[in-house]
Amino acid sequence: MGIAPQARRQYCVEIHTNREEEAMTEVKMHKAIFAYVLVAIILVPVSFDRDPAGRSPGLILSWTESRAGAGNSDLSGKAGLHNSRPSDAKGGSIGSHLTPLEVRQLLASHNRAREEVGLSPLVWSNVLAAYAQKWADHLASTSGLMEHRPHSGRWKQEHGENLFMGTAGYYGVADAVIAWEREKNAYHGRVIDQSNVHDCGHYTQLIWKNTKRIGCAKVRCEDHIIVVCNYDPPGNVLGQTPY
């Protein structure tokens, strides 16, 4: 039996409407898939590069060291050592290749961690920053590896030191402190000794009670950024607690 003209027109309209709805649904699906893929493309480099433990070779590396037996050292009376507030760290007064913004970020993140445990804030030292820059430049121009200053010789270590290396373009100087502060979960109030300093030493240097001054530097080494921070007086003195 045939379809009446009016019914046929209604039938065709319904088919056309259904096809339009199917086409619109397919377009929406394609847009959703495209958006998902786009987000994945944007996020994957960061997710791939960021290791929660902060120890993936070539991606994020960090080391900490303190001058042995220097828990009570104070260089504030030595010639040339002076401090500057974040607002004063402009142009050549910084002491290293850091920008004023990076200095403020480093000081703010260090002092926030110290405030959480009731400690006084650190102040910026141009001399320590210049000291850190010399070692950062040395690392970039020689091995390119994460190495602390030696205990003797021309490059003898005189301060506490935290090191960080991360992929340039994904990490900046502020990420160094974030990586070091993650070790807070590994510190449980014990005195610092050889059994725990490697797990929490970056964090405990951040919050060491006797440390008063900080100076940091950065350098680009191929596709990585190296961050060096020096502390005075140094922390992580064996047999003592950070606060």
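Tutor: We take the labels one by one; note that the model is predicted.

Student: Why is the pair of phenylalanine 164 and tyrosine 171 called edge-to-face?

Tutor: The ring planes stand at 70 degrees. Edge-to-face needs over 60, so the label holds. The centres are 6.4 Å apart, and the limit for a pair is 6.5 Å. A search of the whole structure gives two aromatic pairs.

Student: Are phenylalanine 164 and tyrosine 171 buried or exposed, and how do you know?

Tutor: Buried means under 20% relative accessible area. Phenylalanine 164 has 0% and tyrosine 171 has 7%, so both count as buried.

Student: Why is glutamate 161 said to have no salt bridge?

Tutor: The nearest side chain of opposite charge is arginine 149, 4.2 Å away.

Student: What polar contact does the side chain of glutamate 161 make with another side chain?

Tutor: The partner is the side chain of asparagine 230, at 3.3 Å. The cut-off is 3.5 Å, so the pair qualifies. The backbone nitrogen of arginine 149 also lies 3.5 Å from a polar atom of the glutamate 161 side chain.

Student: What makes arginine 149 count as lying over the face of tyrosine 131?

Tutor: Arginine 149 is 3.7 Å from the ring centre. The distance limit is 6 Å, with an angle condition as well. Arginine 149 is listed as over the face.

Student: How exposed is alanine 186?

Tutor: Its relative accessibility is 31%. Alanine 186 sits in the loop between helix 4 (173-181) and helix 5 (197-206), and touches Asp199 and Cys200, leaving aside residues up to four places away in sequence.

Notes:
Residues numbered from 1 in each chain as written. Predicted model: local features only at pLDDT ≥ 70, side-chain atom pairs only at ≥ 80, totals over all residues. Heavy atoms only, no water. Phe/Tyr/Trp six-rings, centres within 6.5 Å; stacked < 30°, edge-to-face > 60°. Buried < 20%, exposed > 50% of the residue type's maximum accessible area, 1.4 Å probe, protein only. Lys NZ or Arg CZ within 6 Å of the ring centre and 35° of its normal. Lys, Arg positive; Asp, Glu negative; His and termini not counted. Salt bridge = Lys/Arg side-chain N within 4 Å of Asp/Glu carboxyl O. Polar contact = N/O pair within 3.5 Å; in protein donor to acceptor, adjacent residues only side chain to side chain. Helix = DSSP H or I, 4+ residues; strand = E, 2+ residues; numbered from the N terminus. Contact = heavy atoms within 4.5 Å.
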